[in-house]
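Please read them beside the sequence and the model.

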Amino acid sequence: MALSSSSFLSTLPLSNSKSAISFTSSLSPSPLPSFRSASSSHKRRVMTIRSKIREIFMPALSSTMTEGKIVSWIKTEGEKLAKGESVVVVESDKADMDVETFYDGYLAAIVVGEGETAPVGAAIGLLAETEAEIEEAKSKAASKSKSSEVVVVAPSPPPVTSSPAPAIAQPAPVAAVSDGPRKTVATPYAKKLAKQHKVDIGSVAGTGPFGRITAADVEAAAGIAPSVAAPPPPPPAAAAIATPKATTTSSSPPLLPGSSIVPFTAMQSAVSKNMIESLSVPTFRVGYPVNTDALDALYEKVKPKGVTMTALLAKAAGMALAEHPVVNASCKDGKSFSYNSNINIAVAVAINGGLITPVLQDADKLDLYLLSQKWKELVGKARGKQLQPHEYNSGTFTLSNLGMFGVDRFDAILPPGQGAIMAVGASKPTVVADKDGFFSVRNKMLVNVTADHRIVYGADLAAFLQTFAKIVENPDCLTL
């Protein structure tokens with residue numbers, strides 16, 4: 001699916017003012033002239049339209065996204081673009097999304113290549129309005145790269161106070177680039193150095209591509225001799241990256257022989273962040289056994305029509321939440337809570353390299369067959385990493401089902417921003433005794449709900465589970 005946003009592109013002012021559209025005229029502001037005077041003035045009127053070069057920014061594809069990875073460039077350098085065409089595929093912390101352009105023009109230069117990452121708001125490419133601007137944009141990109149190389153190689157350690165001066169004076173054109181509505185962009189290591197040496201990173205002029213602040217810029221501003229001697233720029237970059245790794249490794253236990261370190265993917269990082277955030281919420285758990293004989297019989301009837309067990313459980317949970325809205329509520333600031341106007345059931349889905357929760361919106365109101373169809377579409381998008389943000393971040397209650405793996409019971413971790421999550425185990429034959437002392441075998445499943453104890457109490461959760469059990473044990477209402 002394509003993500004459209006004109007905010008990804010902004011005008012890049014050039015130092016020679018060629019990027020602006022200007023209109024000049026020799027018409028006088030005096031009262032209306034005679035016909036002859038107007039004709040003469042018409043001959044002398046000059047209209048100048050100069051084309052634009054725009055930056056393509058790394059977009060923010062979700063509220064938790066801080067950086068993105070370029071999966072692939074759909075267009076190549078020099079290729080013509082039409083308004084609405086997809087230019088690049090960006091991987092966020094949840095999905096891969098196409099980024100479209102709202103302008104006609106040419107992809108003049110690619111700043112961030114495939115497989116590389118960039119912070120949100122950083123320039124990842126240049127878009128030229130005319131074909132004649134392509135070479136100019138490329139030369140601008142090349143000249144900025146060369147100037148950054150010179151600054152890194154040439155600093156002289158003895159005059160400590162003189163090294164910052166060239167670093168600040170030289171990228172004067174770069175300062176013009178950042179005059180627009182853009183935030184300061186710096187490499188992670190540069191931010192770390194700035195914090196370590198108490199340097200105001202907002203006052204540092206960047207010499208990296210398109211004004212990006214590098215570690216060398218921070219060192220120069222702090223009056224520190226560069227940590228790397230004079231070889232070409234690639235070795236300093238490698239050394240800058242290796243330095244924090246060495247310190248991290250020294251403070252952690254040694255790896256076992258044959259072990260290897262695998263960095264988190266963007267999705268794994270997002271899951272890790274959410275799980276750590278959930279530790280600050282006081283939760284409690286309540287379990288409840290549910291008879292599934294009637295539900296299993298209904299499932300056998302509707303399964304040929306494309307209905308899934310997930311849709312049946314989501315529909316039952318949605319109907320129970322409608323009767324117990326406090327379980328569908330959420331507390332985000334620790335001072336108040338809100339009753340959600342919609343019942344949106346998020347369902348946990350394991351995909352390659354992570355976990356995501358597609359959302360069945362208005363699960364209590366949708367027809368069972370439409371709900372099943374919607375669920376199949378969401379699963380397909382999730383596995384293809386094509387979910388839109390509203391399709392995975394709008395849940396008000398989460399359902400996690402491991403019953404298909406034979407798991408009889410488990411506890412689920414409450415997602416941040418929600419009031420409760422339901423963990424569903426497998427339905428298994430169980431020997432039960434009735435009130436007269438007769439034994440029989442019934443299919444039962446164990447349901448455990450984890451809830452935010454700030455807004456949901458034990459009696460609330462018990463009442464909700466009783467309602468859910470009645471719906472599952474008498475499921476005819478699910479098909480109405």
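1. Leu295, Asp296, Leu298 and Tyr299 of α9 touch Met309, Leu312 and Leu313 of α10, where contact means heavy atoms within 4.5 Å. By class, the residues of this contact are six nonpolar, no polar and one charged (Ala, Val, Leu, Ile, Met, Phe, Trp, Tyr, Cys and Pro are nonpolar; Asp, Glu, Lys and Arg are charged; the others, Gly among them, are polar).

2. This is a predicted model, in which local features need pLDDT of at least 70 and side-chain atom pairs pLDDT 80 or more, while totals for chains, interfaces and linings use all residues. Residues are numbered from 1 along each chain as its sequence is written, and side-chain values use heavy atoms, without hydrogens and water.

3. Helix α9 spans residues 293-302 and helix α10 residues 309-323; they pack at about 130°, with axes 10 Å apart. The angle makes α9 oblique to α10 (under 35 degrees is roughly parallel, over 145 roughly antiparallel, 65 to 115 roughly perpendicular, the rest oblique).

4. Leucine 370 sits in helix α11, residues 368-383. Its relative accessibility is 43%, so leucine 370 counts as partly exposed (buried is under 20% relative accessible area, exposed over 50%, partly exposed in between, with a 1.4 Å probe and protein chains only).

5. Serine 336 belongs to the loop between α10 and β12 (345-347). Serine 336 is partly exposed, at 42% relative accessible area. From serine 336 to arginine 454 the C-alpha distance is 9.3 Å, although they are 118 residues apart in sequence.

Terms used. Axes fitted to C-alpha atoms, helices over the stretch in contact; angles between N-to-C directions. Helix = DSSP H or I, 4+ residues; strand = E, 2+ residues; numbered from the N terminus.
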